[in-house]
Amino acid sequence: MFDNYRVEPLYMNFRILKYLLALTLFIGVLSHAGSQTANDSILNLIEEESDDIVKVNLYSALAENYLQTNPDSALIIANKAIYLAKKIEFERGIGDLYIILGHVRVIQNDLITAMEYYLKALAIYKQVDHKESLTTTYLLLGNVYLALSNYPYAMDYYQKGVVIADSLN
């Protein structure tokens, strides 16, 4: 019954495991180095840019890059960008940055504050009538309410998002 079953020596399994571990670490270092290079490039573009709207969008991209690896940095960058966006009255940019701040709070498991940021973004997207962003924000709010086990509110926000998404097609 077990004639065709072959057991690898234990030292072979350790060699394979060490190889896979080294490969994983190497890939991790490369991906971190790549993202740091991208972040450095964005910072250079911000320094060279004279158009404040472009700067806000670059800060937004930089904050998004830091979301998973360093949410505290993403928070600082997004707040700096919001200050600039408010100064130039770039409403859509402010909404986008509130979304990033909401994401940071979700990562930090502060769902109530995340919801507050998403609601601020929602109000702005309604004001500027940006349907795609409204759809996304309704779905994000649905996700927060779902995580809070508030299923009726989650369903309500999901349905609002789907209605707008359907109107776009």
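A salt bridge here is a side-chain nitrogen of Lys or Arg within 4 Å of a carboxyl oxygen of Asp or Glu.

Where does R105 sit? R105 is in helix α4. Helices are DSSP runs of H or I with at least four residues, numbered from the N terminus. The side chain of R105 makes a polar contact of 2.8 Å with the side chain of Q108. A polar contact is a pair of N or O atoms within 3.5 Å; within protein, one atom must be able to donate a hydrogen and the other to accept it, and residues adjacent in sequence count only if both atoms are side-chain atoms. R105 is also in contact (heavy atoms within 4.5 Å) with L75, D110, L111, T113, A114 and Y117, leaving aside neighbours within four places in sequence.

## About the model

This is a predicted model in which local features need pLDDT of at least 70 and side-chain atom pairs count only at pLDDT 80 or more, while totals for chains, interfaces and linings use all residues. Residues are numbered from 1 along each chain as its sequence is written, and side-chain values use heavy atoms, with hydrogens and water left out.

## The nonpolar core

Let's look inside the protein. A nonpolar core is a set of buried Ala, Val, Leu, Ile, Met, Phe, Trp, Tyr and Cys residues joined through side-chain atoms within 4.5 Å. The largest one has 43 residues, and L97, Y98, L101 and Y118 touch the most other members. Two or more residues each come from α1 (10-48), α2, α3, α4, α5 (111-128), α6 (131-147) and α7 (151-168). Which helix gives the largest share of this core? That is α5, with nine residues. In soluble globular proteins, nonpolar side chains tend to be buried together.

Not counting residues up to four places away in sequence, L97 touches V56, S60, A78, A81, I82 and A85.

Helix α3 covers residues 71-87. With 17 residues, α3 reaches 24 Å from its first C-alpha to its last, close to the 24 Å expected; the expected span is 1.5 Å times one less than the number of residues.

Helix α2 has 15 residues and reaches 21 Å, close to the 21 Å expected. At the N-terminal end, D51 caps α2: a side-chain oxygen of D51 lies 3.0 Å from the backbone nitrogen of I53.

## Positive phi angles

Most residues other than glycine have a negative phi. Here are some residues with a positive one. Just after α3, E89 takes a positive phi of about 60 degrees. N109, which is not a glycine, also has a positive phi of about 60 degrees. N109 is found in the loop between α4 and α5, and is exposed (over 50%), with a relative accessible area of 63%.

D129 is not a glycine either, and has a positive phi of about 55 degrees. The loop between α5 and α6 holds D129. This residue is partly exposed (between the buried and exposed cut-offs), at 48% relative accessibility.

## Three salt bridges

How many salt bridges does a search of the whole structure find? There are three. D129 takes part in one of them, with K131, at 2.9 Å from N to O. K131 is partly exposed, with a relative accessible area of 33%.

In another, D96 pairs with R92, and the closest N and O atoms are 3.6 Å apart. Because they are four residues apart in helix α4, D96 and R92 are separated by about one helical turn. D156 forms a salt bridge with K160, with the closest N and O atoms 3.5 Å apart. D156 and K160 both lie in helix α7, four residues apart, about one turn of the helix. Side chains of opposite charge can pair when their charged atoms come close.

Terms used:
Buried means under 20% relative accessible area, exposed over 50%, partly exposed in between (1.4 Å probe, protein chains only).
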